[in-house]
Amino acid sequence: MSVNPNIELLPKLAKDKHNENKKFFTKLKKKLPKNLDYIMDDLHVNEFERTDCLECANCCKTTGPLFTDKDVARIAKHFRMKTQHFINQYLRVDEENDYVLQSVPCTFLGTDNYCSIYDVRPKACREFPHTDRKKFHQISNLTLKNVAICPAAFNIVEAMKKLIKV
């Protein structure tokens, strides 16, 4: 059964579960199910059959994606802008030398929670919350952060803990 936490309460819920989740992921890495990618894909699909990102868009409101060079080139082309002009107008380089948005919420998020560049959005946005990613066990630190941002990721991790006994 999926929880539909109030988005304002999600960071606290995630914080309350943080140690439990961290222990779970540590044990999971030591006793990795052979079919983990299939399990995660099923959990992801099931959750997103009942989750409408347009009702939330918390990821777009609270965090910014990384923009790869390919993302920058594709989106700049979409706007018919020179790559450097797009970078100057929308992006900055963070402490890890990655391109990120100059500010959040995302510049491209509308008041209706629709993305104005949805068809050309960054890879990080297309893949968020990364719960159906191959070799999911390798991104446990990212998942621990995402459960505080995304109700679907929170629900997927809760379902995962019930399904996989480590």
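Modeller: Start with accessibility: a residue is buried under 20% relative accessible area, exposed over 50% and partly exposed in between (1.4 Å probe, protein chains only). This is a predicted model, in which local features need pLDDT of at least 70, side-chain atom pairs count only at pLDDT 80 or more, and totals for chains, interfaces and linings use all residues. Residues are numbered from 1 along each chain as its sequence is written, and side-chain values use heavy atoms, with hydrogens and water left out.

Colleague: Is R80 buried or exposed?

Modeller: R80 has 79% relative accessibility, so it counts as exposed. R80 sits in the loop between helix 4 (69–78) and helix 5. Its phi is near 55 degrees, a positive value in a residue other than glycine.

Colleague: What is the phi of H130, and is H130 buried or exposed?

Modeller: H130 is not a glycine, yet its phi is positive, at about 70 degrees. H130 counts as buried, because its relative accessibility is 11%. Its place is the loop between helix 6 and helix 7. P129 is found in that loop between helix 6 and helix 7 (140–146) too, and the peptide bond from F128 to P129 is cis, with omega near 5 degrees.

Colleague: Which residue does a cis peptide bond join to P105?

Modeller: V104 is joined to P105 by a cis bond, with omega at about 5 degrees. P105 belongs to the loop between strand 3 and helix 6 (123–127). C115 is also placed in the loop between strand 3 and helix 6. With 27% relative accessibility, C115 counts as partly exposed. C115 and L54 are 61 residues apart in sequence, while their C-alpha atoms are 9.4 Å apart in space.

Colleague: Now the sheet. In what order do the strands stand?

Modeller: Two strands pair if DSSP finds at least two bridges between them. Here 3 strands form an open sheet in the order 1-3-2, with antiparallel pairing. Strand 1 (66–67) and strand 2 (91–93) are at the edges with a single partner strand each, so one side of each has no neighbour in the sheet. Strand 2 pairs with strand 3 (residues 99–101) in the antiparallel sense over 3 bridges. L91 has L101, in strand 3, as its bridge partner.

Colleague: Which helix lies across these strands?

Modeller: Angles between elements run from 0 to 180 degrees between N-to-C directions, along lines fitted to C-alpha atoms, for helices over the stretch in contact; contact means heavy atoms within 4.5 Å. Helix 5 (residues 83–90) lies across strand 1, strand 2 and strand 3, at about 85 degrees to strand 2.

Colleague: How many disulfides does the structure hold?

Modeller: A disulfide is a covalent bond between the sulfur atoms of two cysteines. The cut-off is a pair of cysteine sulfur atoms within 2.5 Å. This structure holds 0 disulfides. For C53, the closest cysteine sulfur is that of C150, at 6.3 Å, which is too far for a bond. C125 is in no disulfide either, and the nearest cysteine sulfur, in C60, is 6.1 Å away. C53 is partly exposed at 46% relative accessibility, and C125 is partly exposed at 30%.

Colleague: Which residues touch the most other members of the largest nonpolar core?

Modeller: A nonpolar core is a set of buried Ala, Val, Leu, Ile, Met, Phe, Trp, Tyr and Cys residues joined through side-chain atoms within 4.5 Å. The largest has 21 residues, and F25, L28, M40, M160 and I164 touch the most other members. At least two residues of this core come from each of helix 1 (10–30), helix 2 (36–50) and helix 8 (151–163). Helix 8 gives the most, with 6 residues. Leaving out residues up to four places away in sequence, M160 touches F24, F25, L28, L36, M40, L43 and F136. A second, separate core of 16 residues includes A57, I75, L91 and C106.

Colleague: Where does E158 lie, and what does its side chain contact?

Modeller: E158 lies in helix 8 and is buried, with a relative accessible area of 14%. A polar contact is a pair of N or O atoms within 3.5 Å; within protein, one must be able to donate a hydrogen and the other to accept it, and residues adjacent in sequence count only if both atoms are side-chain atoms. The side chain of E158 makes such a contact with the side chain of K17, at 3.2 Å.

Conventions
Helices (H or I, at least four residues) and strands (E, at least two) are DSSP runs, numbered from the N terminus.
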